[in-house]
Amino acid sequence: MVSTMTGMLGSLGTRGVRHDRIVSTPERLCPMCKRVQRLSGEERCAIHVKATTLAAHHKEFDTKQISGSSPPGVFVGRFGYPKVFVGPMVPPISGDTEILDTPEWWMGKGFDEIVDFRYSLLRGYSKANVFDAHKGGKLIETLQEVAMMTKPVDTELVLTRPPRKILDLREDSQPFGPIAPLASFQAGNSSVDDRIEKAFYDGDLPARVRQHPLIDDYRVYRYNYLDNTYVGILTPESWRFEWIEAWFEPELLATSFPDVNMATDVENTNYVSPDGHRPVMLGDSEDFRNRKTYAKPGGCYYSARLAVSEYLDTIRRQAGAIMLREIHPGYIMPVGVWNVRESLRALFKTKFEQFDSMDAAMNYVSTIFEIPKRGWIENSAMLQKAYFQRKISEFN
Ligand SMILES: [Zn+2]
């Protein structure tokens, strides 16, 4: 999903309000922290993770002029579409800043470090109409160049006022750094990388996969990260794809992704976990031909499809792919769509288990997931087809 600037920009209108010091009670943990500890291996709630990082950092940001290396990074908001906020993301340091905006390298890091990476980046923002992007303009052109670069470039930002450090109190929102309106932005030169160019054309990957020979077994892959459990099932069929995510905290889904319609896009399950959670499922699928409409789970769907088709193209095989994800309560905040892409890339690097039928594969899957086999079958178009729809050839 694209950056959510809504809340942060909304809270900018408080200029001129006098702030008194707040005295807080001595407890270090709030009720949410205690809840997170009870339900997962995490220590603190999203707000406290963010508050700690925010308090510890960014004295360097108390200025209107900032020189630093852009890691490189550019953000595009979605509030007010098609007139959205765009701008560069720059840390107040020069040199090897690449890791700050290269989620490929964040795998295995905890929430503390991920928030820390994000909060080290200042965002200078300006408003732009996305439909005018092709017309360019000085700022848009510079941003497009920066977005295509992989090596850090020296940048200089002039802001109309010192940046605000905003603690976004919504526990669910993605971590973002301090922000300020942009007066001007300049960037040096760097090379454009073909890895990024390739990613622009990931739509070609399924087409390539469709030309490879089929696998001849059922394969199950698994991976865990940040209290998400991922399972990938590859089937000996022509290319088709499904992505389903099961949210154990439906509230987190509803508040983090306002584009998702909780009434029409989401399916309820009958499963109730031992600690009382009743997960909801959000998913979509496509058959041999690519889909024409935007998938309901948005960016996660396309990230998953990219990871699968990339893998199949690498092993030069074709398969059907059912990709499933359980999101448990220890996933205290969404960290970005990179989490799905990189977790699934990691998943396909693990050793898979082989089976000779869908049911045998699903029996194994139910030893990995909390939600029983039945719960997945009820909500999966591809599993329903496999279980209940016999092929025409069987009637001949
Ligand atoms: Zn807390």
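## Leu226

Leu226 is buried in this predicted model. Around its C-beta atom, 22 other C-beta atoms lie within 10 Å, and the cut-off for a buried residue is 20 or more. Leu226 belongs to the loop that runs between strand 7 (218–225) and strand 8 (228–235). Its backbone carries a positive phi, near 50°, although the residue is not glycine.

## Arg316

A positive phi also occurs at Arg316, again a residue other than glycine, with a value near 55°. Arg316 sits in the loop between helix 9 (299–315) and strand 12 (320–327).

Arg316 counts as exposed, because it has 11 C-beta neighbours inside 10 Å and the class takes residues with 12 or fewer.

## Helix 3 and helix 4

Two packed helices are described by the angle between their axes and the distance between the axes. For helix 3 (residues 46–56) and helix 4 (residues 111–119), the axes come within 9 Å and cross at roughly 45°. The crossing of helix 3 past helix 4 is right-handed.

On the helix 3 side, the contact is made by Val49, Lys50, Thr53 and Leu54. Helix 4 meets them with Phe111, Asp112, Val115, Asp116 and Tyr119. Sorted by class, this contact between helix 3 and helix 4 holds five nonpolar, one polar and three charged residues.

Note on methods
Residues are numbered from 1 along each chain as its sequence is written. This is a predicted model: local features need pLDDT of at least 70, side-chain atom pairs count only at pLDDT 80 or more; totals for chains, interfaces and linings use all residues. Axes are lines fitted to C-alpha atoms, for helices over the stretch in contact, and angles run from 0 to 180 degrees between N-to-C directions. Helices (H or I, at least four residues) and strands (E, at least two) are DSSP runs, numbered from the N terminus. A crossing is left-handed if the near helix is turned anticlockwise from the far one by less than a right angle, and right-handed if clockwise. Two residues are in contact if their C-beta atoms, placed from the backbone, lie within 7 Å. Ala, Val, Leu, Ile, Met, Phe, Trp, Tyr, Cys and Pro count as nonpolar, Asp, Glu, Lys and Arg as charged, and the others, Gly among them, as polar.
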